[in-house]
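Colleague: I would like to learn how to read a two-chain model feature by feature. Can we go through one together?

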Amino acid sequence: MEKVLVTGVAGGLGRLVARRLSDRYAVTGVDTSRWKSSPRGIDTHVVDLRKRKFEDVVRTTRPDAVVHMGFVRHFRASDRERHSVNVGGTRLLLDHCVKYGVRHLVVLSSGYVYGAFPENPYQMDEETPLSASRNYPEIRDLVEVDSLVSTNIWRRPELRTSVIRPVSTLGPRVPSMVREYLRQRRVPTVLGFDPMIPFIHENDLAEAMTLAVDHQLQGVFNVVGPGEVPLHTAIEETGGTAWPIPDPPARWLFGRLFRFGMLPYPAGLLDFLKYPVSLDGSRFAEATGFRCKYGLPEIFASIRE
Amino acid sequence: MADRKSAVRKDDAPGRRRAKALRQRRRPTGILSTLTDLVGAFQPMAVRRLQEEIEDRVDGIPIALNDYGFDRYGFHPETFRKGSLPSALLYRYYFRVENHDIDRVPDGRVLLICNHAGQLPFDGMMLSMSMLLEADPPRVARAMAEYWVSELPFISEMAARMGSMVGTPENCIKMLEAGECVMVFPEGVRGMNKLYSDRYQLQRFGLGFLRLALSTNTPIVPVALVGSEEQNPGLANLESLGRLVGAPAAPITPTFPLLGPLGLLPMPVKYRFYFGEPLHFEGDPSDEDAVIQKHVDVVRKSITDMFARGLAEREGVFR
């Protein structure tokens with residue numbers, strides 16, 4: 001049985017992916033926090049990606065494949081912490097992979113790396129430049145991780161590497177930024193803007209990650225769900241009330257709210273509420289035969305519980 | 001082509017049904033509904049009939065919608081059917097639009113290439129009404145909005161709901177590949193603000209549309225609009241003044257700037273659309289300009305010929 005190492009295994013998505021993989025692979029999981037009720041058969045370790053102990057885990061288990069999801073995605077941590085864990089951790093992980101003969105690496109990136117711009121084309125494909133760092137220093141680390149791993153695809157071809165860029169993920173178990181946003185009772189939006197936003201159910205994303213391991217994909221792949229809806233429709237369908245604020249004051253207000261911990265994301269990400277970021281997922285679908293199982297109504301219902 | 005349409009229709013049936021259910025759920029109640037009923041009661045019969053006609057036509061558009069009644073680009077038939085009434089009224093009673101050979105517009109992907117004139121883009125509005133009210137099946141003519149339109153609050157949202165797209169070449173290719181009907185005015189602002197003395201003389205065409213047609217293998221339907229070129233005669237265009245204030249042009253017409261912004265409104269000329277035979281071009285989309293220009297000249301010639309026909313046929317500018 002092939003061995004798979006999963007980083008960030010105690011996170012919402014980590015658990016889903018590890019469970020799926022454990023049917024077919026010997027799964028080892030690492031995370032900085034404990035997965036209390038981890039199922040038998042999944043060997044978990046509490047380690048920090050940046051520490052010696054993590055390298056020990058890689059050395060002793062000698063995985064055939066690594067699924068890298070050990071990131072800090074929320075904004076409660078400082079910029080420096082995010083950068084250190086996300087970029088620093090990924091860099092070390094790449095080195096370990098090469099050093100210990102890992103054959104396949106799957107990295108969870110994000111569709112946000114393309115950035116939200118008024119001139120964004122519809123259904124952007126994987127060749128679209130990663131412009132997020134142009135305007136959004138808050139998610140620069142996301143882009144940095146993505147390009148670090150993407151350049152690795154041709155720098156070290158002996159390590160088959162796949163970068164997965166999913167659209168906004170919703171579901172009962174994955175505490176994604178967009179879920180925390182939609183779960184608010186009054187949801188702040190930008191007056192006069194209602195961009196189309198694509199969504200995917202967490203189970204579908206977990207399935208996609210698993211397929212990437214099964215197919216030993218190499219390359220960059222967008223992963224999309226059943227489609228996109230206007231932001232205000234998503235808010236309505238998830239049971240919230242939109243609270244439209246005109247742009248310049250909104251930027252100021254969002255900044256305040258974020259500082260006092262009343263908003264889960266910084267004001268810089270406001271543009272994601274103004275301009276659409278929709279992705280073309282046909283490359284992944286062709287490579288793996290992936291088809292999402294959850295429709296938009298199920299996705300929205302899933303976060304209301 | 002017939003396959004595509006029926007497949008789409010079947011696929012989106014639940015989408016349409018759900019959208020309809022949502023519509024019923026959100027019907028206004030109480031005072032609001034009484035008010036809308038009252039307004040409805042005082043509407044002239046002709047307006048009500050036109051509204052019904054629009055609703056029928058919008059329902060007949062072959063397009064795939066999601067569970068909430070939107071297509072993937074943000075087009076919302078529900079908004080479209082409400083927003084179309086003013087333009088449909090202009091279409092029927094102000095410009096009294098006439099269409100010739102609209103059945104030449106083929107099913108599936110197609111580029112409508114039309115002349116542009118008259119200070120404000122009523123030509124685009126009316127062409128999209130022609131495609132909605134007279135084409136069979138009814139189509140959404142996708143306008144290519146300038147990309148800065150998407151930075152404007154409300155307008156950006158409305159533009160998307162009414163079916164226009166962020167006008168980049170990539171988006172146009174995607175729309176055509178998805179089988180949509182896209183309208184392009186290759187004269188651009190050069191045409192819109194042309195002088196009265198230049199009426200029915202096509203200004204320089206951009207070449208982009210032909211490259212798009214070649215790379216997506218899309219038929220081009222040339223469209224000549226007779227009437228718009230007299231709707232608001234340009235006497236002069238002070239381009240440098242326009243540039244100074246950041247506008248693309250600064251037209252002087254008999255009524256503008258004399259009457260302020262209202263002076264930009266058109267006179268009640270009669271609009272006549274002439275649709276040409278679909279043109280199919282083959283070649284390398286990245287060929288040099290000279291090669292592309294030859295194809296473009298074929299399109300221009302077709303429009304110019306239809307101008308001649310239309311001008312000969314009409315009895316006057318206003319009737």
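Modeller: What follows takes the interface, salt bridges, cores and backbone in turn.

Modeller: This is a predicted model: local features need pLDDT of at least 70, side-chain atom pairs count only at pLDDT 80 or more, and totals for chains, interfaces and linings use all residues. Residues are numbered from 1 along each chain as its sequence is written, chains are lettered from A and ligands numbered from 1 in the order written, and side-chain values use heavy atoms, with hydrogens and water left out.

Colleague: What area do chain B and chain A bury between them?

Modeller: Buried area is the accessible area (1.4 Å probe) that two parts lose on being put together, summed over both. Here that comes to about 2,100 Å², with 55% of it on carbon and sulfur atoms.

Colleague: How many salt bridges cross the interface of chain B and chain A?

Modeller: Side chains of opposite charge can pair when their charged atoms come close. The rule asks for a side-chain nitrogen of Lys or Arg within 4 Å of a carboxyl oxygen of Asp or Glu. Across this interface it finds two. One salt bridge joins B:Arg161 to A:Asp194, at 3.4 Å from N to O.

Colleague: Is B:Arg81 buried or exposed?

Modeller: Buried means under 20% relative accessible area, exposed over 50%, and partly exposed in between (1.4 Å probe, protein chains only). B:Arg81 counts as buried because its relative accessibility is 6%. B:Asp59, at 38%, is partly exposed.

Colleague: What else does B:Arg81 meet in a salt bridge?

Modeller: An α-helix has 3.6 residues a turn, so residues three or four places apart point the same way. B:Glu78 and B:Arg81 form a salt bridge at 3.3 Å, N to O. They are about one helical turn apart because they lie three residues apart in helix H4 of chain B. Both B:Glu78 and B:Arg81 are buried. Elsewhere, salt bridges that share partners join B:Asp101, B:Arg104, B:Glu277, B:Arg309 and B:Glu313 into one network.

Colleague: Which residues touch the most other members of the largest nonpolar core?

Modeller: In soluble globular proteins, nonpolar side chains tend to be buried together. A nonpolar core is a set of buried Ala, Val, Leu, Ile, Met, Phe, Trp, Tyr and Cys residues joined through side-chain atoms within 4.5 Å. The largest has 79 residues, and A:Leu13, A:Leu21, A:Val67, A:Phe199, A:Phe254 and A:Phe284 touch the most other members. H7(A) gives the most to this core, seven residues. A second, separate core of 39 residues includes B:Phe75, B:Leu85, B:Leu132 and B:Ala141.

Colleague: Why is helix H1 of chain A largely enclosed by the rest of the structure?

Modeller: Helix H1 (residues 12–21) of chain A is largely enclosed because seven of its 10 residues are buried. Among them are A:Leu13, A:Leu16 and A:Leu21. The buried residues of H1(A) pack against several elements of chain A, including strand S1 (3–7) and helix H7 (202–214).

Colleague: Which peptide bonds are cis?

Modeller: The bond from B:Asp136 to B:Pro137 is cis, with omega near -5°. The bond from B:Phe256 to B:Pro257 is cis too, with omega near 5°.

Terms used. Helices (H or I, at least four residues) and strands (E, at least two) are DSSP runs, numbered from the N terminus. Contact means heavy atoms within 4.5 Å.
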